[in-house]
Amino acid sequence: MIDTIIFDLDGVICSTDHYHYLAWKKLSDELHISFDEKDNEKLRGVSRMESLDIILEKSSQTYSQVEKEEFANKKNTLYQQYLKQMTPSDLSVEVKETLDQLRNKGYRLAIGSSSKNTKLILKQLGLENYFDAICDGTMIQYSKPHPEVFMKAADLLGKNYKNCLVVEDALAGCIAAKSASMHVAAISSAYGSPYADYHLNTFKDLLEINNK
Ligand code: BG6
Ligand code: MG
């Protein structure tokens, strides 16, 4: 019986996944590294520094740790410029109404995101006080596909992992949730993932999940 739903943030609650792409694309262009939407798929759910390492794999140059940190900071500054333009109107009505209905059905609602910008994004969307628990990139040591972020979110609520459902748009996130023995609902890029128990055409399909 599912009693807790843990949502990934980027690409599930909001479309910040596209802003990640635009910011990485700008950095890649500056470094003369090819980077397209397909490359971006590999970065879903992956931490900022690990994402940078994946991008730099295509470069013939080797960079020092200090240079890498500069690149990551530069990307994050660009990314935050997009985030700061977000307002509660960027939260889709479908997502908000579905969250409200799930809450009314008695589910506890949590966020499990690798992003260190989670609090900023939730604030921009007017959701800073909405979720029962938040576990984000500032609270974990290992990023997805490691299950730490979801386990900690469940721990914050004192919930059994077997009673949690994770909603994910990243393959890495589906693997992470499964390895914590959680139920998985895949949406968007993760739709069709073999690690998912449910496949959502659209966010409100969560309301159709038969919870026995
Ligand atoms: C995840 C995104 O939610 O957060 C990744 O899917 C991103 O693409 C990661 O790299 C870390 O985000 P941030 O905001 O800490 O750079
Ligand atoms: Mg995501």
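**Exercise 1.** Is Ser-181 buried, partly exposed or exposed, and what is its relative accessibility?

*Solution.* The model is predicted, so local features require pLDDT of at least 70 and side-chain atom pairs pLDDT 80 or more, while totals for chains, interfaces and linings use all residues. Residues are numbered from 1 along each chain as its sequence is written, chains are lettered from A and ligands numbered from 1 in the order in which they are written, and side-chain values use heavy atoms, with hydrogens and water left out.

Step 1. The classes are buried (under 20% relative accessible area), exposed (over 50%) and partly exposed (in between), with a 1.4 Å probe and protein chains only.
Step 2. Ser-181 has 41% relative accessibility and therefore counts as partly exposed.
Step 3. Ser-181 is located in the loop between α8 (171-179) and β5 (183-187); helices (H or I, at least four residues) and strands (E, at least two) are DSSP runs, numbered from the N terminus.
Step 4. Although not a glycine, Ser-181 has a positive phi of about 65°.

**Exercise 2.** Determine the location, backbone phi and exposure class of His-32.

*Solution.* 
Step 1. The loop between α1 and α2 (37-41) contains His-32.
Step 2. Its phi is positive, about 60°, although His-32 is not a glycine.
Step 3. His-32 has a relative accessibility of 73%, so it counts as exposed.

**Exercise 3.** Which distances separate oxygen atoms of ligand 1 from polar atoms of Leu-43, Val-46 and Arg-48?

*Solution.* 
Step 1. For Leu-43, a backbone N or O atom lies 3.1 Å from a ligand 1 oxygen.
Step 2. For Val-46, a polar backbone atom is 2.6 Å from an oxygen atom of ligand 1.
Step 3. For Arg-48, a side-chain N or O atom is 2.7 Å from an oxygen atom of ligand 1.

Notes: Polar contact = N/O pair within 3.5 Å; in protein donor to acceptor, adjacent residues only side chain to side chain.
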